[in-house]
Structure formats: structure tokens, C-alpha cells
Amino acid sequence: MNNENEFTGADILLKALKDQEVDTIFGYPGGAVLPIYDAIFGQNFLKHVLVRQEAGAVHAAEGYARSSGKVGVLLVTSGPGVTNVVTGLTDALMDSIPIVCISGQVPSHLIGTDAFQECDTTGITRPCTKHNYLVKDVNKLSETIHEAFKIASSGRPGPVLIDIPKDVQFAKSKYISKKDISFREHRIKAGSKNVDNNFVKELVNHIKKSERPIFYVGGGCLNSGHQASQELIKLVNKTNIPITTTLHGLGCFPGEDKSSLGMLGMHGNYEANLAMNKCDLMINVGARFDDRVTGRLDAFSPDSIKFHIDIDQSSINKNVKVNFHTNTDITLTLKEINSFIDSNNIDFGDNDYNNWWGQINEWRKKECLHYEQGDEVIKPQHAISRLYELTKQKDTFVTTEVGQHQMWAAQYYKFSKPNRWITSGGLGTMGFGMPAAVGAQMANPDSLVIDIAGEASFLMNIQEIATAVQYKLPIKIFILNNEYMGMVRQWQELLHGSRYSESYVDALPDFKKLAESFNAVGVRAKNISELDDTINEMISIDRPVIADIWVDKKENCFPMIPSGAAHHEMLLSKYDKENPENQEKGKVLV
Amino acid sequence: MSSTSVYPTPINAFKQSKRSVLSVIVDNEPGILARIVGLFSGRGYNIEALNVTVVDVKKNLSRITIETLGEEKVISQIIAQLEKLVPVHSATNLANLSESYEAEICLVKIEFENEEQDQKILNFADIYRSRTVQKRQNIVVYEISGTSERINKFLDDLDTIGGIKVELVRSGPIGLGI
């Protein structure tokens with residue numbers, strides 16, 4: 001039968017991607033996806049980015065999604081192709097990043113026979129995706145792909161995987177377009193569209209009554225879209241309530257604004273953590289009371305009434321019990337709060353929280369992010385501060401790897417807009433930043449994209465430099481090179497008697513020569529006098545650049561709430577010593 | 001008056017494990033059982049009993065009943081995460097309902113050697129109103145239903161009869177809220 005309304009599975013996939021307005025796909029070919037690669041060969045709406053290892057594809061898709069607000073898409077082959085993306089899928093699940101992963105599978109009749117490059121893809125990826133599919137019938141392919149995109153981007157976003165056996169890629173069926181599919185609501189779980197008016201009323205009443213309120217804002221605000229950020233700024237300006245954000249909330253509210261207390265948590269600001277500890281009203285906007293944020297739970301913000309806005313019902317009362325919650329989308333809820341305040345002419349003029357701000361300004365005088373920059377060795381904090389000062393005029397996207405450099409970036413680089421800060425928070429995946437920068441640069445070709453890296457993390461996905469070079473992506477890799485896995489070394493210093501077991505990174509490559517061998521550009525700053533020139537040179541080069549910044553090898557990241565300690569038990573410098581009882585308890589935590 | 005233990009026992013040392021029966025309505029599709037079971041096994045929780053059957057052929061729905069032991073807080077978190085699974089329509093902890101009914105069915109095959117044993121078996125079967133499915137010379141098969149506790153008691157009583165051989169199968173509890 002040769003019906004012209006029928007298409008192969010591979011062609012159906014491409015039609016569906018076009019329908020979903022996908023313009024970029026990150027991938028790596030292999031036996032079980034050859035029919036799809038053949039279909040890609042014969043089209044021109046979809047730009048395929050060939051990565052050097054599948055882990056690069058999944059982090060690039062994450063970077064693309066985070067920096068654009070769209071769904072990131074990747075394509076990998078069966079077996080090792082798909083096992084290589086397991087880390088990235090878990091990363092996207094933890095950090096609520098919408099991605100769709102298409103994987104090839106051995107032909108249906110070979111499934112379960114230990115065929116070449118076969119693995120139980122849906123079994124392996126079940127706990128690390130929001131949902132996954134094995135499509136055994138080509139007639140169900142269109143619907144499955146459209147549902148996958150809907151699920152990835154609805155409610156609390158996350159990764160979705162579609163496993164397509166090779167015979168299904170060849171089999172023929174009709175294509176069903178997105179508009180012809182009616183989704184079943186219970187499967188999409190988009191969250192309520194109705195604002196809880198009672199929640200809004202209670203919240204406004206509590207704001208009026210409270211003396212020490214605080215906004216605690218997380219990545220959920222980011223995922224709700226740019227408008228959520230706009231509504232949040234309006235609300236903060238109206239009420240004069242201080243605001244602190246989580247690692248992923250950075251950028252939802254301008255970091256340099258007077259109301260911003262910066263980041264909270266393990267390496268958060270002194271004033272932010274103390275304000276959380278002492279507040280009488282906490283308004284949680286899309287954050288999940290993560291253990292990096294709360295510190296010891298029984299001492300977490302003991303005297304506050306807690307409000308929680310989160311689209312994910314399972315995040316409510318999970319770690320911390322709250323007094324009021326709503327599962328409605330943040331944008332809708334914040335909008336309603338603002339219009340409730342306006343339409344009822346509620347004036348916060350008399351209640352400027354003067355005493356509260358007075359207390360906060362006292363805490364600010366501690367200058368918890370202060371560091372001493374000498375005249376020779378570059379302090380890593382200073383490297384980030386200078387990078388910020390020299391790039392803040394541009395619309396810059398920053399990705400990071402994981403470790404000390406990541407925390408310094410969060411502390412010293414200020415973000416004024418959402419989606420400019422792309423980091424691996426929940427899973428803490430070393431090797432995330434460079435491929436994520438590839439993805440961010442694909443989505444934002446005219447912007448400056450910088451991966452703030454440590455030399456150890458950078459080595460984990462170093463192969464993706466070749467991807468950046470091939471596609472002429474002028475990403476900048478800004479390495480704070482201290483020759484150590486700095487965060488591991490810091491914990492060993494604090495908790496394991498400075499026994500630096502295996503945390504020294506010996507036999508490092510010469511990063512400048514390494515860049516050149518990839519046909520990228522290498523620059524280096526060995527001391528403070530070379531720092532600004534090196535940063536400026538890096539920015540001015542319209543090609544991928546590796547900047548090797550030699551920093552103080554022994555610097556530690558402060559402030560720090562050690563594991564097992566509470567917000568008010570923060571260490572501000574290496575001269576602060578931890579309560580030994582907490583230290584023993586904290587040692588067994590992560 | 002009870003005497004004080006010579007060893008002080010911190011109350012918090014014993015996390016309160018409670019029996020829960022969860023009832024979950026799902027789309028009947030491959031992988032759904034694995035998704036659900038994963039939420040338990042990933043936490044090191046054991047499933048004590050499990051029952052899965054299609055309950056609506058037209059709508060392609062199955063009801064899954066799970067008996068587990070665990071801390072109440074963890075069970076609530078599991079329920080919240082069950083409800084997030086794409087094919088799940090609803091998840092309920094029967095213990096949280098004001099009114100719910102529970103039943104289990106058990107088939108018991110008993111091999112006995114003498115008249116005395118036969119009489120005792122017959123006596124217990126009568127007390128528990130179990131139905132005789134099959135009776136041969138030395139073998140009898142009963143069907144007994146009711147709460148799991150009732151079946152446990154019946155089996156405990158059978159256990160008091162020496163020298164008989166018992167083989168059994170249980171459906172696990174099923175339940176319905178009103």
C-alpha cells in the first residue's frame with residue numbers, strides 16, 4: 001500500500017517536532033536511530049548540533065531550555081547512547097527543566113534478546129524522568145510525541161523520554177497534528193488555573209499584621225515565566241518586604257536592588273539566613289525547602305507563619321510544614337495578590353517595616369562577602385567580581401559547573417533578569433556547565449555566554465569544546481584554576497582534619513595549549529595585574545575561549561552553614577570554628 | 001504501677017511504623033506498576049501485599065491496592081508522588097477516610113492424617129464460616145474471606161492442630177471508601 005497520507009515513523013517524528021516549533025536538536029547518531037538521521041538529512045527547519053558524547057547533548061538541551069524558556073530536545077541511540085544521558089535526565093528532573101529525549105531502540109522483535117546495543121531504556125530511565133514511553137505502534141507515535149512535549153512543559157516541568165524501536169521508525173502511519181489531539185487532563189497535571197482567593201486574602205492580611213516578613217523565592221518562579229518575575233517585582237516594591245532567593249531563584253528579582261538580600265542557604269548571605277531565622281512571616285514563592293536552604297530542620301525559621309505557592313503538590317509539607325499553601329501557578333497567584341491590594345486600596349505606607357529593615361541593615365554591616373585581595377595572587381571571589389563588572393553592560397548568560405566556583409559565581413555575579421543563570425542545583429552535576437553553555441549559545445546566538453568553571457569539573461565534559469568550535473559558538477570558559485576539587489578539599493579541611501584524600505588534581509593539562517589544539521583560543525591570568533586584561537581579551541574574541549585563571553589554591557567558600565547546623569550558626573570566615581557537637585552530626589550528612 | 005525500665009528508652013528512637021492500605025486508580029498501561037513500586041523500593045520500603053486488576057474495561061482503568069508499613073509522613077509523601085505519576089487518576093490512603101471497607105480472600109489446602117484432625121479442621125472452618133471448595137479423602141480446600149486480621153486468626157487456629165500440612169494463597173487486602 002502506498003498512501004501519500006502515510007509517513008514513516010521517522011518522518012512523523014520530524015513533522016511532530018516541526019509542529020512543536022522545535023528549531024534545534026542536540027544529538028549523536030548510532031545504529032538504532034539511523035532512519036531518524038536520514039529524515040534529518042532531508043530537511044532544513046531543524047538544526048542538528050552534533051555533540052561529542054551524549055552527556056553533552058542532554059546538558060546542552062538543559063542549557064537551551066533554561067536560557068530560552070522553551071523545551072530542549074535531544075536525540076540519542078540505543079544502549080550506551082541512552083545510558084550516557086541518565087545523569088542529565090536526573091539533573092533535569094531535580095531542577096525541573098523541560099526536555100524531551102528521543103532514543104532509538106533495537107527493533108521490536110529483538111527487544112529482550114540481549115541484542116547488540118540493547119538496554120531496558122524505559123526501565124533505566126523510569127525513576128529519572130517525569131514520564132517515559134516505549135512506542136511499539138507507529139499509529140500511536142504522533143500522539144505520544146505531542147503528549148510528551150505537553151507533559152515536559154506543564155505543571156512542574158521535567159524531562160520526558162520517548163523510546164522508538166527501529167522498526168517503528170520505518171513503519172508507516174498517518175500523521176496527527178498537535179491541534180487535532182485532545183489531551184487527557186489527568187495525565188497532563190497542569191495544576192489549578194483557579195487562584196485560591198482565600199489564600200490571597202489570608203496572605204495580604206498577614207502581610208499587614210506582620211513585623212518581620214520575608215519573600216523566599218525559588219526556581220518555580222523562573223519556570224512560571226518572565227511575567228512571574230514582573231509581578232514579583234511589583235509586589236516587593238509595593239510592600240517593601242525583603243527578598244531572598246535560592247540558587248535557582250537568582251535573577252527572578254534584580255540582584256542589585258535594595259530589597260534583595262541575595263542568596264540564602266549553605267553558602268548564602270549572612271543577612272538572608274538570619275532574616276529567614278528571625279522572620280515572623282515567610283512567603284515561599286516556588287521554592288522547595290531544600291536541605292541546602294533550610295539547614296537543620298528543627299531550628300529552621302522557628303517563629304514564622306509560612307505561606308507556600310508551588311505548582312507541585314508533593315513539595316508542600318514535604319520537609320517543612322506550612323500554614324497556608326496553594327497549588328496554583330505563581331504568575332496567576334502573584335497577579336491576583338497585586339490586583340487584590342490595588343482594588344482594595346490597601347496601603348502599606350504606615351508599615352514600612354522600619355525596625356525590621358534596621359535589623360537587616362545591622363546584619364549587612366557584617367559584610368559577609370568581604371575578602372582581602374592582595375597584590376599578587378588572584379582571589380577567586382575577586383575574579384568573579386571583576387568578571388561581573390566587565391560584563392554587566394551586556395546581556396550575559398552564565399552557566400557553571402559544580403563546586404566552589406559555582407557558589408562564588410552565585411555570590412558575586414549579580415543577575416537582573418530571569419533565565420540568565422544556568423546551573424546544576426539539585427543534582428550537583430560536575431561537567432554540566434560547558435555543554436549547557438553550548439545550548440544557551442544556540443538559543444541566544446548574539447549574547448555573551450560564559451561558563452564559570454573549575455578545572456576539575458571542566459575536565460569532565462571537555463570534549464564539547466569541539467562542538468563549540470564546529471558550530472562557531474563563541475562561548476567563554478572562565479576557569480578558576482586552583483588545582484583542587486575545591487569544595488571537596490574544603491569539606492575535608494572542615495570535617496576530616498585536613499586530610500586531602502584524592503582531592504588534588506594532578507597532571508592537569510595546559511589549558512591554553514589545549515584550547516589551541518581544539519582550534520579554540522586560550523588565554524591566561526597568573527596574577528592580579530593580568531586579570532582585567534585577560535577578561536577583556538576573552539570577551540573581545542568572537543570564538544570559543546578558554547580563560548585559565550590561576551587563583552588562590554587554599555581559599556574557602558564563606559559564609560557557610562555546615563551540614564547539621566542552623567541558619568544562625570553560620571561560619572563567616574576560616575577563623576570561625578564550628579560547634580563540635582554539630583560537626584559530628586553534620587559529618588554524616590551531605 | 002508499672003516499674004521503670006533499667007534502660008532508658010528514647011521514644012524517638014522508634015519511628016512509628018504504621019500499616020497503611022493505599023488504593024490507586026490508574027490507566028491500565030505497561031510500566032505503571034513498575035512506576036508505583038519504584039516509589040516504595042527506592043525508599044527501602046517493602047510492599048506487604050499488592051493487588052492489581054482492571055476495574056473498568058471501557059475506560060481502561062485498573063485499581064491497585066497496596067499494603068505497606070511505614071512512617072505516616074513518608075506514606076503521605078508517597079501518596080503525593082503517586083498522584084504526580086502521569087497514568088495515575090487518584091491515590092488514597094484508606095486509613096484517612098472516615099468510612100472504608102476492607103476484605104481479603106484466601107484459599108487454603110489442608111492435608112490431614114486422621115479423624116481427630118479432620119474434626120478440628122471442620123470445627124474451625126465452621127467458626128470462621130469458610131466455604132468448602134473441594135474435599136477428598138485426606139485433603140480439604142477452603143475459601144475464607146474477610147479482613148486480613150480475620151484470615152490471620154483462622155490460620156493461627158489451624159496452626160494449633162498438630163501434624164497437618166497447610167498450603168495457601170492470599171489475594172492481599174482490597175478496600176473501598178464510601
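In the predicted model, the contact between the two chains draws 13 residues from chain B and 11 residues from chain A. On the side of chain B that touches chain A, helix 1 (32-41) and helix 2 (72-84) each supply at least two residues. Helix 2 of chain B gives the most to this side, contributing five residues. Classified by residue type, the side of chain B that touches chain A comprises four nonpolar, six polar and three charged residues.

The axes of helix 1 of chain B and helix 2 of chain B come within 10 Å and cross at roughly 155°. Because angles over 145 degrees count as roughly antiparallel, helix 1 of chain B is described as roughly antiparallel to helix 2 of chain B. The crossing of these two helices is right-handed. In this contact, Ile36(B), Leu39(B) and Phe40(B) of helix 1 of chain B meet Ile78(B), Gln81(B) and Leu82(B) of helix 2 of chain B. The residues of the contact between helix 1 and helix 2 of chain B divide into five nonpolar and one polar, with no charged residue.

Chain A contains 25 helices and 20 strands. Its C-alpha trace spans about 80 × 60 × 45 Å along the principal axes. For 590 residues, a compact globule would have a radius of gyration near 25 Å, and the value for chain A, 25 Å, agrees with that expectation. Buried residues account for 53% of the 590 residues in chain A. Of the contacts in chain A with a separation of 6 or more, 77% join residues 24 or more positions apart.

Within chain A, helix 17 (residues 380-391) and helix 24 (residues 528-540) form a further helix pair. Their axes come within 10 Å and cross at roughly 50°, an angle that makes helix 17 of chain A oblique to helix 24 of chain A. Helix 17 of chain A passes helix 24 of chain A in a right-handed crossing. From helix 17 of chain A, the contact is made by Ala383(A), Arg386(A), Leu387(A), Leu390(A) and Thr391(A); helix 24 of chain A provides Leu531(A), Asp532(A), Ile535(A), Asn536(A) and Ile539(A). By class, the contact of helix 17 with helix 24 of chain A consists of six nonpolar, two polar and two charged residues.

Terms used: Residues are numbered from 1 along each chain as its sequence is written. Chains are lettered from A and ligands numbered from 1 in the order in which they are written. This is a predicted model: local features need pLDDT of at least 70, side-chain atom pairs count only at pLDDT 80 or more; totals for chains, interfaces and linings use all residues. Axes are lines fitted to C-alpha atoms, for helices over the stretch in contact, and angles run from 0 to 180 degrees between N-to-C directions. Helices (H or I, at least four residues) and strands (E, at least two) are DSSP runs, numbered from the N terminus. Angles under 35 degrees count as roughly parallel, over 145 as roughly antiparallel, 65 to 115 as roughly perpendicular and the rest as oblique. A crossing is left-handed if the near helix is turned anticlockwise from the far one by less than a right angle, and right-handed if clockwise. Two residues are in contact if their C-beta atoms, placed from the backbone, lie within 7 Å. Ala, Val, Leu, Ile, Met, Phe, Trp, Tyr, Cys and Pro count as nonpolar, Asp, Glu, Lys and Arg as charged, and the others, Gly among them, as polar. The radius of gyration is taken over C-alpha atoms; the globule rule is 2.2 Å times the number of residues to the power 0.38. A residue is buried if 20 or more other C-beta atoms lie within 10 Å of its own, exposed if 12 or fewer, and partly exposed in between; C-beta atoms are placed from the backbone.
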